[in-house]
Amino acid sequence: QVQLEESGGGLVQAGGSLRLSCTASGRFFSIGHMGWHRQAPGQSREWVASITSGGATNYADSVKGRFTISRDSAKNTVYLQMNSLKPEDTAVYYCKADTIRLGRPPTANWGQGTQVTVSS
């Protein structure tokens, strides 16, 4: 069983910043890709950013240049620094981590979500 605990969401004014954190715990050998997705009311969940175990990053065009994803592999933690926030960034943000157990394919795990609200 793997648990992902997220924190850092909240209410912020447009132009402000927030930093999300997500820590994985439980039974696994290592963690591969980690990332963040988000879901706004009435919309489907969308990918925001991801980072490989080697530190390579990718971003959705909508957040490129404003968001930065990073990870501390020793702490099994991924971060999302969000700057220059816009009202359209308002959503529930979900952490995703691909955990690896020996002899098994990677397993995708999701956090419970943390609300980010950006006021105009």
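**Exercise 1.** Determine whether Ser7 is buried, partly exposed or exposed, and place Ser7 in the fold.

*Solution.* Begin with accessibility: Ser7 has a relative accessibility of 39% and therefore counts as partly exposed, a class that lies between buried (under 20% relative accessible area) and exposed (over 50%), as computed with a 1.4 Å probe on protein chains only. This is a predicted model, in which local features need pLDDT of at least 70 and side-chain atom pairs count only at pLDDT 80 or more, while totals for chains, interfaces and linings use all residues. Residues are numbered from 1 along each chain as its sequence is written, and side-chain values use heavy atoms, with hydrogens and water left out. Next, Ser7 belongs to strand 1, strands being DSSP runs of E with at least two residues, numbered from the N terminus. Finally, leaving aside residues up to four places away in sequence, Ser7 touches Arg19, Leu20 and Ser21, where contact means heavy atoms within 4.5 Å.

**Exercise 2.** Work out how far apart Ser7 and Ser44 are in sequence and in space.

*Solution.* Along the sequence, 37 residues separate Ser7 and Ser44; from C-alpha to C-alpha, the two are 22 Å apart.

How values were computed: Helix = DSSP H or I, 4+ residues; strand = E, 2+ residues; numbered from the N terminus.
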